[in-house]
Amino acid sequence: MSHYINPSHLAAVLGGDVSGNNVTAPGPNNHDKRRDRSMSILVDPDAPDGFLVKSHSSKNTDIECKDYVRAKLGLPEWKPEK
């Protein structure tokens, strides 16, 4: 199920920057939160969670970043379907 996510709100929650439907923000395991923009998030209503995530840092996996974004947005933790 998809949720509407406001890109500006997402950028504010993550301490990142917004450009259209794209947000760049610090990855969860990167320590330089003011300058790091290694996580890219595309807000896409057709994506399963309403967004797609890509990590551009060896310190974070895409899955870690997606879990981090879900937590920051207050979405329930992902669980595999039975």
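K54 counts as partly exposed, with a relative accessibility of 42%, and its side chain meets that of D62 in a salt bridge, at 3.9 Å from N to O. D62 is likewise described as partly exposed, at 31% relative accessibility. This is a predicted model, and the count of salt bridges in it comes to four.

**The salt-bridge network around D49**

- D49, K66 and R70 are linked in a network of salt bridges.
- K66 forms a salt bridge with D49, in which the closest N and O atoms are 3.2 Å apart; because K66 lies in helix 2 (residues 62–73) and D49 in the loop between strand 3 and strand 4 (51–55), the pair ties together parts that are 17 residues apart in sequence.
- D49 also forms a salt bridge with R70, the closest N and O atoms being 2.5 Å apart, and since R70 lies in helix 2, this pair ties the loop that holds D49 to a part 21 residues away in sequence.
- Both D49 and R70 are buried, whereas K66 is partly exposed, with a relative accessible area of 21%.

- Strand 1 (residues 17–19) pairs with strand 2 in the antiparallel sense over three bridges, and S19 stands opposite N22 in strand 2.
- The hairpin of strand 1 and strand 2 has two residues between the strands, and G20 takes a positive phi near 65 degrees there.
- Strand 2 and strand 3 (residues 39–43) also pair in the antiparallel sense, over four bridges, and in strand 3 the bridge partner of N22 is L42.

**The two faces of strand 2**

- In a regular strand the side chains alternate between the two faces of the sheet.
- In strand 2 (residues 22–25), V23 and A25 make up the covered face, while N22 and T24 make up the uncovered one.

Technical notes. Residues are numbered from 1 along each chain as its sequence is written. This is a predicted model: local features need pLDDT of at least 70, side-chain atom pairs count only at pLDDT 80 or more; totals for chains, interfaces and linings use all residues. Side-chain values use heavy atoms; hydrogens and water are left out. Buried means under 20% relative accessible area, exposed over 50%, partly exposed in between (1.4 Å probe, protein chains only). Two strands pair if DSSP finds at least two bridges between them.
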